Amino acid sequence: MDNLKEWWAQAPARDQLALVICSGFLIVYFLFMVVLKPVNDLRQKQIVTNNALRNSLENVRELASQVVANKSSGQSNRRGNALENIVQQTVSANNLQVASMNASGKNGVRLRFEEARFENVLKWMYEMEVSQNVKIKDLSVSNSSNPGMVTVNLRMHQD
């Protein structure tokens, strides 16, 4: 340590000034790379996430206003069609095969799918609830011996 103090005292003022300035730049660079850059990166990720959530919220609000408008005007997407007809049309569009279908009450139906792709069943149920205004009352899903395949029993009702 004494050698360093001795060297500092003997060093010309120009070298001392250059060393102090370079040290200052190194400290500022280190602070930027260790503290400010990660914080700025995290901020940018939060902005992207926030924008995605904002867009999603706008889509939900738009869909909600459409549903409210349809309900207030008394319209239904498939008014006049029996629930069985709606099921047949949407099932074939989603690459599903109904193993059995029975009427259940005035506006209801019981369905069974065997060896159906789970993704297709979920997509179909979403379409039925959102687009067709059909409510799923009971649902039973069990695994099949084949990966990704399921057996589904459900009861649906249309208002």
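I began with the helix axes, which are lines fitted to C-alpha atoms, for helices over the stretch in contact, with angles from 0 to 180 degrees between N-to-C directions. Helices (H or I, at least four residues) and strands (E, at least two) are DSSP runs, numbered from the N terminus.

I noted what I was looking at. This is a predicted model, where local features need pLDDT of at least 70, side-chain atom pairs count only at pLDDT 80 or more, and totals for chains, interfaces and linings use all residues. Residues are numbered from 1 along each chain as its sequence is written, and side-chain values use heavy atoms, with hydrogens and water left out.

**Entry: helix 3 and helix 4**

Two packed helices are described by the angle between their axes and the distance between the axes. I looked up both for helix 3 (residues 83-93) and helix 4 (residues 118-130). Their axes come within 11 Å and cross at roughly 140°. The two helices are therefore oblique to each other. Here angles under 35 degrees count as roughly parallel, over 145 as roughly antiparallel, 65 to 115 as roughly perpendicular, and the rest as oblique.

Next I listed the contact (heavy atoms within 4.5 Å). Helix 3 brings Leu83, Ile86, Val87, Thr90 and Val91. Helix 4 brings Trp124, Glu127 and Met128. I sorted these residues into six nonpolar, one polar and one charged. For that count, Ala, Val, Leu, Ile, Met, Phe, Trp, Tyr, Cys and Pro are nonpolar, Asp, Glu, Lys and Arg are charged, and the others, Gly among them, are polar.

**Entry: Thr90**

Buried means under 20% relative accessible area, exposed over 50%, and partly exposed in between (1.4 Å probe, protein chains only). Not counting residues up to four places away in sequence, Thr90 touches Trp124, Glu127, Met128 and Gln132.

**Entry: Glu129**

I then went to Glu129 in helix 4. Glu129 is partly exposed, at 39% relative accessibility. Its contacts, leaving aside neighbours within four places in sequence, are Val134, Lys135 and Ile136. I also checked Gln158, which is 29 residues from Glu129 in sequence and 9.4 Å away, C-alpha to C-alpha.

**Entry: the strands**

I turned to the strands, which pair if DSSP finds at least two bridges between them. Strand 1 (residues 98-103) and strand 2 (residues 108-117) run antiparallel and are joined by five bridges. They form a hairpin with four residues between them. In the turn, Gly105 has a positive phi of about 80°.

Which strand 2 residue is the bridge partner of Asn102? I found Arg110. Strand 2 also pairs with strand 4 (residues 149-158), in the antiparallel sense, over eight bridges. There, Arg112 stands opposite Asn153.

**Entry: Arg110**

I stayed with Arg110, which is partly exposed at 45% relative accessibility. Leaving aside neighbours within four places in sequence, its contacts are Ser100, Met101, Asn102, Ser104, Leu154 and Arg155. Arg110 and Arg155 are 45 residues apart along the chain, yet their C-alpha atoms are separated by 4.4 Å.

**Entry: positive phi**

Last, I looked up phi. Asn95 is not a glycine, yet has a positive phi of about 55°. Asn95 lies in the loop between helix 3 and strand 1 and is exposed, with a relative accessible area of 64%. Glu115 also has a positive phi, near 55°. Glu115 sits in strand 2 and is partly exposed at 38%.
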